[in-house]
Amino acid sequence: KQIYKDTLEFRKTLDMRYYIFPDSDLQYFPNDTNLKLNINSLSLVDCGAYIGDTVKSAMYYASKNNIKVKSIFSFEADQTNINKLNKEIIKQQELFPHTDFIVYLAGIWSHNTILYFSNDGNSASSICEKDTQNSIKIPVFNLDSTLQWANPNYIKMDIEGAEQEAIKGAKELIKKLTPHLAISVYHKPKDLWEIPLLIDSINPNYDMHLRVYGHL
């Protein structure tokens with residue numbers, strides 16, 4: 001709650017007294033939640049997989065805490081990033097041959113369609129409203145129809161402002177399974193309150209934590 005209040009105050013005033021210095025834990029696997037207490041077999045959905053940094057962190061965290069990793073579903077739409085992601089997954093598959101690694105060259109949205117995407121080859125590549133010089137058309141999927149068979153218990157989303165649409169497309173999974181959620185809320189100012197409210201409207205059984213993992 002204090003981090004939430006300080007974040008709002010800093011945004012309103014730019015007063016450095018309210019500036020929050022980044023957390024030193026693994027970005028999506030912090031040590032002070034009950035994650036390792038109620039997951040003994042991880043099935044991770046990595047939305048915005050980038051170059052495989054979350055995949056690498058997940059395998060490290062799981063190994064350290066004696067958690068089996070059943071499957072990792074990686075969604076990444078940037079063609080440059082996907083090549084690096086695949087290289088990282090090949091490394092991890094050699095180390096963890098019993099884990100299923102599945103990669104989708106696609107984005108995540110509220111429904112299945114085709115959208116424009118800024119294919120910039122970095123972590124800021126994102127869905128865009130119209131065709132631009134660097135944009136391409138990509139398929140986007142909703143998780144409810146794509147992974148209804150997979151029973152994921154952890155969903156991470158860092159998808160450059162498309163998080164709310166992606167959550168709407170995963171509402172049945174969230175409602176039915178109550179998976180752990182790691183959702184970025186910094187891309188749009190209103191995400192800071194609209195995303196928690198959206199999740200709570202779908203499934204009110206979540207405890208929510210807010211952290212800062214990078215400098216503004």
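Visitor: Helices (H or I, at least four residues) and strands (E, at least two) are DSSP runs, numbered from the N terminus. Which helix gives the most to the lining of the second largest pocket?

Guide: Helix α6, residues 163-168, with three residues. Two notes on the basis. This is a predicted model, where local features need pLDDT of at least 70, side-chain atom pairs count only at pLDDT 80 or more, and totals for chains, interfaces and linings use all residues. Residues are numbered from 1 along each chain as its sequence is written, and side-chain values use heavy atoms, with hydrogens and water left out.

Visitor: Which residues line that second largest pocket?

Guide: Trp109, Ile127, Ile159, Glu160, Gly161, Ala162, Glu163, Gln164, Glu165, Lys188 and Asp191. A pocket is an open set of points on a 1 Å grid over the protein atoms alone, where a 1.4 Å probe fits, with protein on both sides within 12 Å along at least five of seven lines; a lining residue has an atom within 4 Å of a point.

Visitor: And by class, what does the lining of the second largest pocket have?

Guide: Five charged residues (Asp, Glu, Lys, Arg). Four are nonpolar (Ala, Val, Leu, Ile, Met, Phe, Trp, Tyr, Cys, Pro). Two are polar (the others, Gly among them).

Visitor: On to helix α1. What span should its 12 residues have?

Guide: Helix α1 covers residues 2-13 and should span 16 Å at 1.5 Å a residue. The end C-alpha atoms of α1 are 16 Å apart, so the two values agree. The expected span is 1.5 Å times one less than the number of residues.

Visitor: Which residues of α1 are buried?

Guide: Asp6, Thr7 and Phe10. They cover an arc of only 105° around the axis, which puts them on the same side of α1. The arc is that of the directions from the helix axis to the C-beta atoms. Buried means under 20% relative accessible area, exposed over 50%, partly exposed in between (1.4 Å probe, protein chains only).

Visitor: What is on the other side of α1?

Guide: Lys5 and Lys12, both exposed. The buried residues of α1 pack against α8, residues 191-202 (contact means heavy atoms within 4.5 Å). Just after α1, leucine 14 has a positive phi of about 60°.

Visitor: Now α4. Which of its residues are buried?

Guide: In α4 these are Asn81, Ile82, Leu85, Glu88, Ile89 and Gln92. They fall within an arc of 125° seen down the axis, so they line one face of α4. Turned away from that buried side are the exposed residues Lys87, Ile90, Lys91 and Glu94.

Visitor: What do the buried residues of α4 pack against?

Guide: Against α3 (53-64), β2 (68-75) and β3.

Visitor: Strands, then. Which strand holds tyrosine 104?

Guide: β3, residues 100-104. Tyrosine 104 is buried, at 18% relative accessible area.

Visitor: What is tyrosine 104 in contact with, leaving aside neighbours within four places in sequence?

Guide: Phe73, Ser74, Phe75, Glu76, Ile82, Phe141, Thr146, Leu147 and Trp149. Proline 204 is 100 residues from tyrosine 104 in sequence and 30 Å away, C-alpha to C-alpha.

Visitor: Last one. Where does isoleucine 136 lie?

Guide: In strand β7, residues 135-141. Isoleucine 136 is partly exposed, with a relative accessible area of 24%. Isoleucine 136 and glutamate 9 are 127 residues apart in sequence and 38 Å apart in space, C-alpha to C-alpha.
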